[in-house]
Number of protein chains: 2
Amino acid sequence: MDLALDEAKKAQERKEVPIGCIIVNNVTGDVIARGSNEREETQNAIKHAEIIAIEKACSKIGSWRLEHTSLFVTLEPCPMCAGAIINSRIEGVYYGAKDPKAGSVGSINNLLTETSYNHQPIEIISEIKAEDSAKLLQNFFREIRRKK
Amino acid sequence: MDLALDEAKKAQERKEVPIGCIIVNNVTGDVIARGSNEREETQNAIKHAEIIAIEKACSKIGSWRLEHTSLFVTLEPCPMCAGAIINSRIEGVYYGAKDPKAGSVGSINNLLTETSYNHQPIEIISEIKAEDSAKLLQNFFREIRRKK
C-alpha cells in the first residue's frame, strides 16, 4: 500500500485528486503495473488510477486475464473500477480509505461480492493505511478551497 | 441503434464478440464517437465498445464531462461500462439485448438508477432492436462452437 500511496502523491504533484494504484504478481510479489489518477490532465473520464494500472498490467502480461494478481488502491473503487476488476479477473483487492460518494466495494454496494457476475476476487481487504490515504485527499481538497 | 449495430458487425469481422456503441450529441443529433469491442485483439480487459466510444467522445469534446450526450449500445452495459457512463455524466442510455450474465442496467442490478452515485442519466431505455443484437451474438457463438 505504501507504493500505491507513492502513486497517489505523484497524482497530487500533477494537481490531480491524489489516488494511486499498483498491481502485484501474487506468485513472485513483483509490481507489474502502477497507475495514478489522470482524469483532469487527460480530460478523460476513464483515466482512474485502477484503469491505468489494469491496462498497463494487461499490456505487460499480454492477456486481458490478470489471474494470480492483486490490486492495491488508496481509495475504495468506484463502480467503473470495480467492474474493471471483475472483467480482468484480479484475485486480490486491497484498498485504503472508504468512499461514501462512489465506493462500490462496501460503501454504496459491493460489486465484488455479487455472485451473479462471473468473477469474484478471492480476497478483499478494506481500510489498509486508510488514514494516510484520507489525509492526502483531505489536504488536497483543503488546498483547493483555500485557493478559491 | 442501427449505427451501433453496424459497429457490432465490425467487431464480428475482427472475430470479436459483436458489441457496438455510438455516442450522440443530444442538441445537434451528430454522432460524436463510435466504438466496437476490441478485447481479444488488444488483450485489454478495458476495451469494451462503450469505453472506447466514451474515450473518443472525451477526446473530441475535450472534456471528461459528456453532458448533453446519449449512448447507444447493442448489449446491456456491464458494471465497468455502467460506471463509466456515471463517471462521464452521459444523459441518455439506450441499449439492445439484455445481458443476464453481467448486465448492470436492469438485469443483475441497475447501477444507473442508484441515487447514491453522483449522477444518474435522465433517460434509460432497454431492449431497442434487442432481437437484432441478440441474433448477432447468438450467430457469433454458434459459429465458434461449430468450429471447435
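I began with Cys78(A), which counts as buried because its relative accessibility is 7%. I am working on a predicted model.

**Entry: Cys78(A)**

I looked up where Cys78(A) sits. I found it in the loop of chain A between strand S3 (69-75) and helix H4 (79-87). Cys78(A) touches His48(A), Ala102(A), Ser104(A) and Asn87(B).

**Entry: the annotated site**

I checked the UniProt record for chain A. An unreviewed entry lists His48(A), Cys78(A) and Cys81(A) under "binding site". These residues span 34 residues in sequence, yet no two of their C-alpha atoms are more than 9.3 Å apart, so they gather at one spot.

I then turned to Cys81(A). I place Cys81(A) in helix H4 of chain A. Its relative accessibility is 0%, so I log Cys81(A) as buried. Beyond its neighbours within four places in sequence, Cys81(A) is in contact with His48(A), Glu50(A) and Ile51(A).

**Entry: the annotated domain**

I also noted a domain in the record. UniProt, in an unreviewed entry, puts "domain: CMP/dCMP-type deaminase" at residues 1-106 of chain A. I get 36% helix and 24% strand for that span. Its end C-alpha atoms are 19 Å apart.

**Entry: cysteines in chain B**

How many disulfides does the structure hold over all chains? I count zero. I followed up on two cysteines of chain B. From the sulfur of Cys21(B), the closest cysteine sulfur is in Cys81(B), 8.1 Å away, which is too far for a bond. From the sulfur of Cys81(B), the closest is in Cys78(B), at 3.9 Å. That is also too far for a bond, because a disulfide needs the sulfur atoms within 2.5 Å. Cys21(B) is buried, at 0% relative accessibility. Cys81(B) is buried too, at 0%.

**Entry: helix H5 of chain B**

H5(B) covers residues 130-147, 18 residues in all. From first C-alpha to last, H5(B) reaches 26 Å, close to the 26 Å expected at 1.5 Å a residue.

Which residues of H5(B) are buried? I find Ala130(B), Ser133(B), Leu136(B), Leu137(B) and Phe140(B). Seen down the axis of H5(B), the buried residues fall within an arc of 140°, so they line one face of the helix. I looked for what covers them. The cover includes helix H1 (2-13), strand S3 (69-75) and strand S4 (92-97) of chain B. On the face turned away from the buried side, I find the exposed residues Glu131(B), Arg145(B) and Arg146(B).

Technical notes. Residues are numbered from 1 along each chain as its sequence is written. Chains are lettered from A and ligands numbered from 1 in the order in which they are written. This is a predicted model: local features need pLDDT of at least 70, side-chain atom pairs count only at pLDDT 80 or more; totals for chains, interfaces and linings use all residues. Side-chain values use heavy atoms; hydrogens and water are left out. UniProt positions are given in the numbering used here, feature names are shortened, and annotations may be inferred rather than shown by experiment. Helices (H or I, at least four residues) and strands (E, at least two) are DSSP runs, numbered from the N terminus. Buried means under 20% relative accessible area, exposed over 50%, partly exposed in between (1.4 Å probe, protein chains only). Contact means heavy atoms within 4.5 Å. The expected span of a helix is 1.5 Å times one less than its number of residues. The arc is that of the directions from the helix axis to the C-beta atoms.
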